[in-house]
Amino acid sequence: MKTILFCNIMFALSFIACREKATDKVSNVDSDVHRPLYHFTPDSMWMNDPNGLVYHNGEYHLFYQYYPDSTVWGPMHWGHAVSRDLVSWEHLPIALYPDSLGYIFSGSCVIDRDNTAGFGANAMIAIFTHHNMEKEKDGNTDFQYQSLAWSGDNGRTFTKYQGNPVVKNPGIRDFRDPKVRWDTQRKQWVMVFAAYDKVLLYTSPDLKTWSMASSFGIEGDKRLWECPDLFPIKVEGRNETKWVLITSIQKEAPNGGTGTSYFVGEFDGKHFKADPSNQKWLDYGKDNYAFVTWSNLPDDRIIGIGWMSNWQYAQQVPTIRWRSAMTLPREVRLKKINGSYTLTSVPDSRLFDAFEAGVATAIQSDHPVEIPKTCLIDIKWVPEDGDENISMTNSKGDTLVIGCLVNERKIYIDRSEAGDSTFSRDFAGKHFGVLPQWQDTLRLQLFLDVASIELFANNGECSMTEIFFPAEPLNLLSFGRKNQNISINFRAFKNKKGQPG
Ligand code: FRU
């Protein structure tokens, strides 16, 4: 039922999209009030999930779900951008267009070093879902299937494989978002993709012929899964490697709506084994969905990026010429905390270097201090009791509150009064994050970028990503309670010329 609803909504929205197209042209006023400075946004029109993340010849490729004709979801393409440092991005022409097999839904890219597929050594190969609207309208259930396209010129042009699809649909309405990796130990390709309320794992010697290996899900849980990822990761400070399965969930994330979750376990070449009841959250904020990682990175680090929105309101947010940004690229690490594996995430180190050095300032509750509209705020705080918070405001009174509930060992972001929230009743609210361990000094790193905040507590042991829409940037910060123990360091974002933004 939910899947039917999802597809119907998607279809209805592509219809609405045609209507929006006309309005885009007239309502172009103030379109960039909420445009971030250091988060990736499409040049114009609609964007959702990151796709095809791959590092190749010095470039980080970011493909993404893109509809170039409207600011709401519609027939999906793969948009394309590249970066050399994960800080600044260059927009490139659309990489994949819909074709007779369908729209181009989410997927991944690999570099075929040994030419297993026969498209040439080091070909860049995109593995994505074709979504066939005609088949769906005709009442079929097998309208999503996995296909290939390849590029021999660093992703600038792609050729669709003649033998598509490479994974046919056995009759499962939600059958999408393949993430492929080379399994070095078993010398095989492994594909993980979402099949309604679980993931399926397939293996292949050549990316063209695939066999089903196994499935993984939570018994009795019927929420829709999307955009999975599966990778090995070393446990920090231990001689141990685990496998992590990331999966985005379309409903009932910790603070409502969509969110990215993960499981930690083992992979034997066919099966992913983990305790299905031990589902954890990569980010507790409302706006980090479809988080996936880059393939073919030059070192052992694992870096990923998410879509900074939530399907509850993504198509209604009050940006006009474009919709949605990505989160910052983040390095994920696995730590064992109090006997339990926890995936931490912090922005890639090059993002920290993109800010001025800054100076530590002691904050008093009755003296708000001015902050740059795009900055990194680094706070060391010894919370004493009850509810302690800092707030950021502007001259219009829009206020974003970041706080912690000491007794409950929770942190929160309250965006109830942070600007326009009239577009959706699911938007305004106070959202909570849970720290896996409590330390007397709480270190918060807050990346503020005009209309979003990414919060990292204690080196990313808990993170929260939230968007908001103030009438003008929040430029005053104050501390909600007199406390000698708060020290804040503001670091302005350097613009392209190296000057503070
Ligand atoms: C997730 C998702 C994917 C799908 C894509 C369509 O946000 O629903 O499952 O491939 O978006 O744009």
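This is a predicted model: local features need pLDDT of at least 70, side-chain atom pairs count only at pLDDT 80 or more; totals for chains, interfaces and linings use all residues.
**Strands β6 and β7**

I looked up the pairing of strand β6 (residues 123–131) with strand β7 (residues 144–151) and found eight bridges in the antiparallel sense. I took strands, here and below, as DSSP runs of E with at least two residues, and helices as runs of H or I with at least four residues, numbered from the N terminus. Two strands are taken to pair if DSSP finds at least two bridges between them. Within this pair, I noted F128 opposite S147 in β7.

Residues are numbered from 1 along each chain as its sequence is written, and side-chain values use heavy atoms, with hydrogens and water left out.

**Ligand site**

Which residues come nearest to the ligand? Of the 14 residues around the ligand, I listed D49, Q65, R176, D177 and E226 as the nearest. A residue counts as near if one of its heavy atoms lies within 4 Å of the molecule.

I checked the polar contacts next (pairs of N or O atoms within 3.5 Å; within protein, one must be able to donate a hydrogen and the other to accept it, and residues adjacent in sequence count only if both atoms are side-chain atoms). A polar side-chain atom of D49 lies 2.7 Å from an oxygen atom of the ligand. For Q65, I read 2.7 Å from a polar side-chain atom to a ligand oxygen. For E226, the distance from a polar side-chain atom to an oxygen atom of the ligand is 2.7 Å.

On its own the ligand has 320 Å² of accessible area, and the protein covers 100% of that area. I used areas from the Shrake-Rupley method with a 1.4 Å probe; for residues, only the protein chains shown count as cover. Two or more residues of the shell come from each of α1 (2–26), β1 (45–56), β5 (103–112) and β9 (175–183).

**Aromatic pairs**

I recorded 37 aromatic pairs in the structure. Rings of Phe, Tyr and Trp (its six-membered ring) pair if their centres lie within 6.5 Å; planes under 30 degrees apart are stacked, over 60 edge-to-face, and the rest tilted.

Y313 and F427 form an edge-to-face pair, with 4.9 Å centre to centre and 80 degrees between the planes. Y313 sits in the loop between β19 (302–307) and β20 (322–323) and F427 in the loop between β28 (410–417) and β29 (430–434), so the pair ties together parts 114 residues apart in sequence. I checked burial for both (buried is under 20% relative accessible area, exposed over 50%, partly exposed in between; 1.4 Å probe, protein chains only). Y313 counts as buried because its relative accessibility is 0%, and F427 counts as buried at 1%.

F355 and F447 form an edge-to-face pair at 5.6 Å centre to centre and 75 degrees between the planes. This pair links F355, in the loop between α3 (349–352) and β23 (359–362), to F447 in strand β30 (residues 442–449), 92 residues apart. I found F355 buried at 2% relative accessible area and F447 buried at 0%.

I also noted a cluster in which ring pairs link F40, Y55, Y60, Y64, Y66, W89 and W294.

**Backbone entries**

Where does P165 lie? I placed P165 in the loop between β8 and β9, and the peptide bond from N164 to P165 is cis, with omega near 0 degrees.

Y196, a residue other than glycine, has a positive phi near 55 degrees. I located Y196 in the loop between β10 (188–195) and β11 (198–204), where Y196 is partly exposed at 21% relative accessibility.

E252 is not a glycine, yet has a positive phi of about 60 degrees. I located E252 in the loop between β14 (241–249) and β15 (259–267); E252 is exposed, with a relative accessible area of 52%.
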